[in-house]
Amino acid sequence: MDHYPSIAASVLLLRQQGYLVKAARSAWYTQMNFVWENEFESHKSLAVTPGVRVSQKVWDFGRTKGEVRQAEAMVERQSAAAMAEVDNIIQQTAAALIGLHQQQEQLKAAEAWLNTVRELEGLVTSRFGIGLSTEADLKQARTRLEAARSNLISVKTALAQQRERLTALTGLPLEQATALPADQLLVKVDIKDQAFTANPRLILAEAEQRLAEAQRDTAKAAGLPSIELVGSMGRTLRL
């Protein structure tokens, strides 16, 4: 995960959204506060009342429930975003692996073609030396040889770029990233959470819908009062 800052950032945001769910649920917890009141009874007397205030929410017309649903939907949305980041990296890596082996096959073909053209150029040069080939034949053979060499350089350049891309995606050294044969490039992933087998974009869309519904319900309840039980106790000290 450290190799991909975007994934690390998504996971961090996911953890932060989890804290918001806990914060929303805490609205139903009993609240206890220490209070301290001062009152001047006369110019020479001061009444100090330390105490404890306890409150418990009883009913809020669904406001807290809506806030919890809203926070949970945000967690689902961020989870889908994190899965989408992982899915994107997987697709890029798979494409890089396929591209790497395509370039390796093209390299073999380019080398074989260069060897063939080189042999033909040598044959034409020999025939030209004994007068069996014309100068035009020799020039054409050498042009083909230069074209084959140029093609080989282009293929090697593309292969090097593909290797660098694969190294950047996997975080592996160049030797390890390119040493695996084709039949060993499939990564075995033990997926225990079925959520990771779903389509992240579909999960994201569903989370967005639930978030909108929760925001609507929260907005409706925001203008309604809430009912709380409040109790306090303290002792007045006169100084």
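Which strands each supply at least two residues of the nonpolar patch? I looked this up first. They are strand S2 (45–59) and strand S3 (227–234).

I note that the model is predicted: local features need pLDDT of at least 70, side-chain atom pairs count only at pLDDT 80 or more, and totals for chains, interfaces and linings use all residues. Residues are numbered from 1 along each chain as its sequence is written, and side-chain values use heavy atoms, without hydrogens and water.

**Patch.** I listed its members: Val58, Trp59, Phe61, Leu224, Ile227 and Leu229. Patch residues have over 30% relative accessible area and no salt bridge, and nonpolar side chains are joined within 5 Å. A salt bridge puts a side-chain nitrogen of Lys or Arg within 4 Å of a carboxyl oxygen of Asp or Glu.

**Phe61.** I found phenylalanine 61 in the loop between S2 and H2. Its relative accessibility is 39%, so it counts as partly exposed (buried is under 20%, exposed over 50%, partly exposed in between; 1.4 Å probe, protein chains only).

**Helix H2.** I checked residues 63–129 next. This helix has 67 residues and reaches 97 Å from first C-alpha to last, close to the 99 Å expected at 1.5 Å a residue. The expected span is 1.5 Å times one less than the number of residues. Just after H2, glycine 131 takes a positive phi of about 80°.

**Whole protein.** I counted 5 helices and 4 strands (DSSP runs: H or I, at least four residues; E, at least two). Of the 239 residues, 26% count as buried.

How values were computed: Patches are made of residues with over 30% relative accessible area and no salt bridge: like charges are joined within 9 Å, nonpolar side chains (Val, Leu, Ile, Met, Phe, Trp, Tyr) within 5 Å. Accessible areas come from the Shrake-Rupley method with a 1.4 Å probe; for residues, only the protein chains shown count as cover.
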